[in-house]
Amino acid sequence: MFIGKNLDGLDRIYFCSVVLDDRGIVPRLHVGIIKELQTERRFTLGPRCLVGRHPACDLRLDDPRVSGEHAILRWLDGCWELRDLNSRNGTFIDGRRLKPGERVAMATGEVVAIGSAATGFALMDGGGPMPGARRPSSGAHRSAADHVLVLPCEERPIVTVYEDCAGRWVAEREERIDVVQDHDIIVVDGEPWVLELPTGLRATWEASAGLTLELVGLRLAASRDEEHVEVTVVHDGGTFQLSPRSYHYLLLVLARLFLEDTQASPAERGWVSRDALCQMLAIEPLKLNLDVCRLRKQFGEAGVRGAAGIVARRPVTGQLRIGVSRVEVASL
């Protein structure tokens, strides 16, 4: 049995990341999913999961036939790799016992037994892991939405962790941006969080697909009173319009600042301080952070790779600007 606490403080069975609901609904496609055969419950996978009877294991199994540290399942070179850790009673994949220390790549549908057939799991979805973070003091866990991780929660986005266009994971605060790695500890509101990040293991982005942030453009159209803003994403395959949201006004303001700043060099064009932007929008800094977070999430949900860069934040100064250079603004 393996139990942890989610952010709501309730005991939940989980596996490194987020528990899917009792109906078995998967919140996102193409992430690592395993199913416990005995109970039919499904779980999302973190980047690496230590399996065993010891309390420190990510997946703790209360079975005397399971060793303290029995096996490890991790995402490597675009697939899930299972390795036996010299366990006494063995690790089995589709009925074959692995040699001590043996590594094997798992395919979707394959069944793993830990120590005995009574503790079996099937890999239901062989997609990669989502970034996440856990708080050791309480066991609380946060998972990323479309590869953008917000801490401590979406209502208070103090730190945003995402993968930049260079393939690095970065932790963004208002005052600075730091490069981070898997298992780094970052402190948010005085509480340490341990990052769980896929590192150097993502599939190469297919630039020709046209939906990387660097290759898309934006068309924004505002009503006369600017109460309504339409956002259209332009790419090589055509266009699509985002569902209207109030935070699109932030994107409109950033687009106008970029277009008006014609005398600056490309590297300097369109930057604005947080305080000045808050004044233009007549909002508080917390609301600005929320709107930035929601914009990034919406672009990620729309399938734009590198969506966290739709609003760029400058290290040290904390200035912001729109994250695309192909942009036009019109009236409705």
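Q: Which residue of E8 does Leu-73 stand opposite?

A: Two strands count as paired if DSSP finds at least two bridges between them, and strands (E, at least two residues) and helices (H or I, at least four) are DSSP runs, numbered from the N terminus. In this predicted model, Leu-73 stands opposite Leu-82 in E8, and 6 bridges join E7 to E8 (residues 79-84), the two strands running antiparallel. Residues are numbered from 1 along each chain as its sequence is written, side-chain values use heavy atoms without hydrogens or water, and because the model is predicted, local features need pLDDT of at least 70, side-chain atom pairs count only at pLDDT 80 or more, and totals for chains, interfaces and linings use all residues.

Q: How many residues lie between the strands in the hairpin of E7 and E8?

A: That hairpin has 2 residues between its strands, and Asp-77 takes a positive phi near 55° there. E7 (residues 71-76) is also joined by 4 bridges to E5 (residues 48-52), again antiparallel, with Val-51 standing opposite Ala-71 in E7.

Q: At roughly what angle do the axes of H1 and H2 cross?

A: Axes are lines fitted to C-alpha atoms, for helices over the stretch in contact, and angles run from 0 to 180 degrees between N-to-C directions. Here the axes of H1 (residues 248-260) and H2 (residues 274-281) come within 11 Å and cross at roughly 120°. The contact (heavy atoms within 4.5 Å) is made by Tyr-249, Leu-250, Val-253, Leu-254 and Leu-257 of H1 with Leu-277, Met-280 and Leu-281 of H2.
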